[in-house]
Amino acid sequence: MKTSLITLTIGQSPRSDILPLLQAHLPAGQVEHAGLLDGLTLAEVEQHYTPVAGEKVLVSRMLDGQQVRLSAHQVEQGLQQKIYALEEQGYNTILLLCTGEFGSLKTHKALLLEPDRIIPPLVGAIVHGHKVGIVVPVEEQIAEQANKWRNLGTPPCFAVASPYLAQQADLVEAGLSLQEQGADVVVLDCIGYHQKHRDFLQKMLGIPVLLSNVLVAKLAAELIV
């Protein structure tokens with residue numbers, strides 16, 4: 001019998017960068033990991049998933065840590081096929097390790113946990129009318145995030161720092177930008193952000209900093225029986 005829960009990244013698994021963080025909340029013996037790009041070379045990824053001009057962009061990583069930019073449309077199509085395959089293998093809970101917004105992912109019977117459906121209303125309930133500062137990996141995603149966070153009581157502000165490429169100076173710049181825009185709470189809105197990114201910005205800004213991956217991992221842990 002399969003374990004009750006499997007994580008599904010849009011990159012390659014296992015996600016060694018965030019695995020320790022996930023294991024802090026998810027029991028290792030009951031969780032397995034899969035990736036949309038598993039088994040593909042970088043050249044194959046670029047051939048099948050490179051975004052065209054004007055297309056929505058998602059960001060993930062290869063096993064060697066290299067950042068890849070992916071077509072959101074192609075990723076959604078690939079994820080749907082992967083989700084059905086995981087269901088056929090017997091998994092009954094699938095935790096999507098991507099905070100991108102997907103419109104039509106579905107399952108036959110399994111429970112699919114999509115961070116984009118969970119995190120915005122949860123953050124909205126936590127912050128009430130306070131201003132949220134959102135950090136995303138690439139500039140193109142700022143415009144795309146407006147719809148995802150449309151129900152916040154106060155319009156959010158944004159900054160850019162890749163979890164895969166950012167140096168400390170990039171985090172400093174992102175933090176100062178959010179501070180200037182009046183952020184009261186910060187959300188690191190990509191699965192790739194790590195505890196070290198959270199700790200650095202929280203110490204720098206002196207305000208709460210939330211990790212999207214921790215929020216969904218804690219919820220997923222409640223569903224494991």
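Select aspartate 170 to begin: this residue is partly exposed, with a relative accessible area of 28%. On this scale, buried means under 20% relative accessible area, exposed means over 50%, and partly exposed lies in between, using a 1.4 Å probe and protein chains only. Before moving on, note that this is a predicted model, where local features need pLDDT of at least 70, side-chain atom pairs count only at pLDDT 80 or more, and totals for chains, interfaces and linings use all residues. Residues are numbered from 1 along each chain as its sequence is written, and side-chain values use heavy atoms, with hydrogens and water left out.

Aspartate 170 sits in helix 6. Helices (H or I, at least four residues) and strands (E, at least two) are DSSP runs, numbered from the N terminus. Leaving aside neighbours within four places in sequence, aspartate 170 is in contact with Val160, Ala161 and Leu165; contact means heavy atoms within 4.5 Å. Now draw a line to threonine 107: the two C-alpha atoms are 38 Å apart, and the residues are 63 apart along the chain.

Next, colour helix 6 (residues 168-180) and helix 7 (residues 195-205). Their axes are 10 Å apart and the helices pack at an angle of about 45°. That makes helix 6 oblique to helix 7. Axes are lines fitted to C-alpha atoms, for helices over the stretch in contact, and angles run from 0 to 180 degrees between N-to-C directions. Angles under 35 degrees count as roughly parallel, over 145 as roughly antiparallel, 65 to 115 as roughly perpendicular, and the rest as oblique. Which residues of helix 6 meet helix 7? Show Gln168, Leu171, Val172, Gly175, Leu176 and Gln179, which meet His197, Phe200, Leu201, Met204 and Leu205 in helix 7.

Move on to helix 4 and helix 8, whose axes come within 10 Å and cross at roughly 100°. Helix 4 is therefore roughly perpendicular to helix 8. Pro115, Ile118, Ile119, Leu122 and Val123 of helix 4 make the contact with Ser212, Leu215, Val216 and Leu219 of helix 8.

Keep valine 123 selected. Not counting residues up to four places away in sequence, valine 123 touches Val132, Trp149, Val187, Leu210 and Leu215. The largest nonpolar core has 26 residues, and those with the most contacts inside it are Leu95, Val123, Val132 and Trp149. A nonpolar core is a set of buried Ala, Val, Leu, Ile, Met, Phe, Trp, Tyr and Cys residues joined through side-chain atoms within 4.5 Å. Among the elements giving two or more residues to this core are strand 5 (93-97) and strand 9 (185-188). Apart from this core lies another, of 25 residues, including Ile6 and Tyr91.

Now pick leucine 210, in strand 10 (residues 209-211). Is leucine 210 buried or exposed? Leucine 210 counts as buried, at 18% relative accessibility. From leucine 210 to valine 185 is 7.8 Å, C-alpha to C-alpha, though they are 25 residues apart in sequence.

Most residues other than glycine have a negative phi, and most peptide bonds are trans. Histidine 128, in the loop between helix 4 and strand 7, has a positive phi near 55°, and this residue is exposed, at 61% relative accessible area. Finally, zoom in on serine 13 and proline 14, joined by a cis peptide bond with omega about 0°.
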